[in-house]
Amino acid sequence: KELKDIGDAQTGALLDEKTELQDRINILEEQQLLREENVEGFRKVKKGIEDEIRKLESVSILQKERDGLMESEKEIRNSLTSSRNKLVDIISSKGYLPYLMPAIVSSQKIIDDLYDSGKLPSDIKRPFVEALLRRGSCICARPLIPGDKPYEEVAKWVDVSGMSDIEEAAIRRKGQLQRAGSDLEKLLRELNDQQLRRGEKKRRLSRVQDRLSEIREILRESPEEDVRKLQSRLDEANEALDKERVQEQVDQGIIRELRNRIREIDADVQKRKAKNAKQELAKKRIAVCLEAKEALENVRTLQRIEYRNDLARRIDRLFSQMSFTPYRAVLNEDYKLELFEDNSELVVGASTGESQMLSLAFIAAVVEQAKEFVSRKERLLALDSSTFPIVMDSPFGNLDYLYKTEIARNLPALANQVVFLVNRSQWEGPVEAAIESRVGREYVLSYLTPKTDASEDAILRHGKKYDIVWRNIDGYGRTEVREVI
């Protein structure tokens, strides 16, 4: 603003353009946030419609097959992405070799010609000839005196024997060239293998997509009106979802272009000659601010990457402690959690228990990370408190016996304070056995029901009975919190 007030007309015009561009970026970014919400909303609608189709007995088998095919499609796409990344890595590290081959062939020919012509290996080594001249005596015992003809004849061999340095370099280079040729063969084999695998995956993907199209057509033409309507709604949801995703990509491209133009304007403004000292000072201040802004953004980006990678490691460790399956928990750049087979890039469909363990591992990792970062005050500004409790409502509800035992054994150690809200069926058995010795405080939530015909219930804790449900004579319903002694 200061530069605009004191600068020339062209500088002012550039700064006005920059302001407009930034306003457009702000609008587009707000739209991006709305699109993210829309995408999530369409996903929920889509899932709801699919659930309804599953409930229709006549087509439930088809919908289950479609669920499996969609999971396969997702796995194949992830595998294709992984395969593409491997190709990128291979080409990035060794992609220069094909372009180097003309130079390799030319160099090999030069060395081969030297050997064929007899120049390599050299018959006499230079150090040997130089030693004879220094000693002043030939191998035939004839004196070698500077200026005499015998001396000059032997001295000629110094130039001839000068190939020894080239010979050593040629030997080294010949080995390097041979290795480069063999590296090229290996590179081509790797690229060919990757492309063959990608081709097979693409064929599998095509078969899966063809079958998905067939199922969609079957449901669209179903004799049952409910099925047709549901499929029509599902098609609309998919179409809306695709439109939002496409527009999201378009907007991201526009934002990148606008930011590039802003950088060009900043550079142009800095190049413009200042008319007075005030204008020059304003330009210097802008330059310093831009440099500081860029440095802060870089630090923020690096910290985000560091925190996410650190969080990913913690999640995988905590999940491994709770799970008896040989799976890896992976947190991607979008903070999406997925399970992978150990030492593989194959995505595994998580069961209900595994999904719950992933969620618990994520929460526990966030708490653990927050505690550690707060303790390192030079790294992160935060409150002095280092107590971050975890409060969980029915964490064991959908788990089988084994998962209940593993989670119950690990959860109490995840934070300084852990609060569980559980009903009797969730508590009794493996959870009680694993946790009871570590309970610091225990409470019963006792519900007073206004219904006169309601069944009363109670629980026995440490030899004393506590009401869980009991009738309230004043006609009002409420919950009382009672500490277990």
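The model is predicted: local features need pLDDT of at least 70, side-chain atom pairs count only at pLDDT 80 or more, and totals for chains, interfaces and linings use all residues. Numbering starts from 1 along each chain as its sequence is written, and side-chain values use heavy atoms, with hydrogens and water left out.

**Stop 1**

Select 443-449, which is strand β6. Strands here are DSSP runs of E with at least two residues, helices are runs of H or I with at least four, and both are numbered from the N terminus. Together they form an open sheet in the order β7-β8-β6-β9, with mixed pairing. Two strands pair if DSSP finds at least two bridges between them. Strands of a sheet pair through backbone hydrogen bonds, either parallel or antiparallel. Neighbouring strands of this sheet are turned by 25 degrees against each other on average, direction ignored. Axes are lines fitted to C-alpha atoms, for helices over the stretch in contact, and angles run from 0 to 180 degrees between N-to-C directions.

Now take the pairs one by one.

- β6 and β9 are antiparallel, with six bridges. Show L445: V481 in β9 stands opposite.
- Show L448: its opposite number in β8 is W470.
- β7 and β8 are antiparallel, with five bridges. Show L460: its bridge partner in β8 is K465.

**Stop 1: the hairpin turn**

Stay with β7 and β8. Their hairpin has two residues between the strands. Most residues other than glycine have a negative phi. Is H462 buried or exposed? H462 counts as exposed because its relative accessibility is 53%. The cut-offs are under 20% relative accessible area for buried, over 50% for exposed, and partly exposed in between (1.4 Å probe, protein chains only).

**Stop 2: the nonpolar patch**

Go back to L445 in strand β6. L445 counts as partly exposed because its relative accessibility is 47%. β5 (418-421) and β6 each supply at least two residues of the patch.

**Stop 3: β4 and β5**

Select 390-393 for strand β4. It runs parallel to β5, joined by four bridges. I390 has V418 as its bridge partner in β5. Which β4 residues are on the covered face? They are I390 and M392, while V391 and D393 are on the uncovered one. In a regular strand the side chains alternate between the two faces of the sheet.

**Stop 5**

Select β1 (327-331) and β3 (347-348), then β2 (337-341). This is an open sheet in the order β1-β2-β3, with antiparallel pairing. β1 and β3 are at the edges with a single partner strand each, so one side of each has no neighbour in the sheet. Two bridges link β2 and β3. Show F340: V347 in β3 stands opposite.

Next, select helix α9 (277-322). α9 lies across β1 and β2, at about 155 degrees to β1. Pick out R314 in α9. R314 counts as buried because its relative accessibility is 7%. Contact means heavy atoms within 4.5 Å. Beyond neighbours within four places in sequence, R314 contacts A365, E368, Q369 and E372.

**Stop 4: α8**

Finish at helix α8 (225-271) and select E244. E244 is buried, with a relative accessible area of 16%. Leaving out residues up to four places away in sequence, E244 touches R35, N38, V39 and F42. Where is N38 relative to E244? They are 206 residues apart in sequence and 7.5 Å apart in space, C-alpha to C-alpha.
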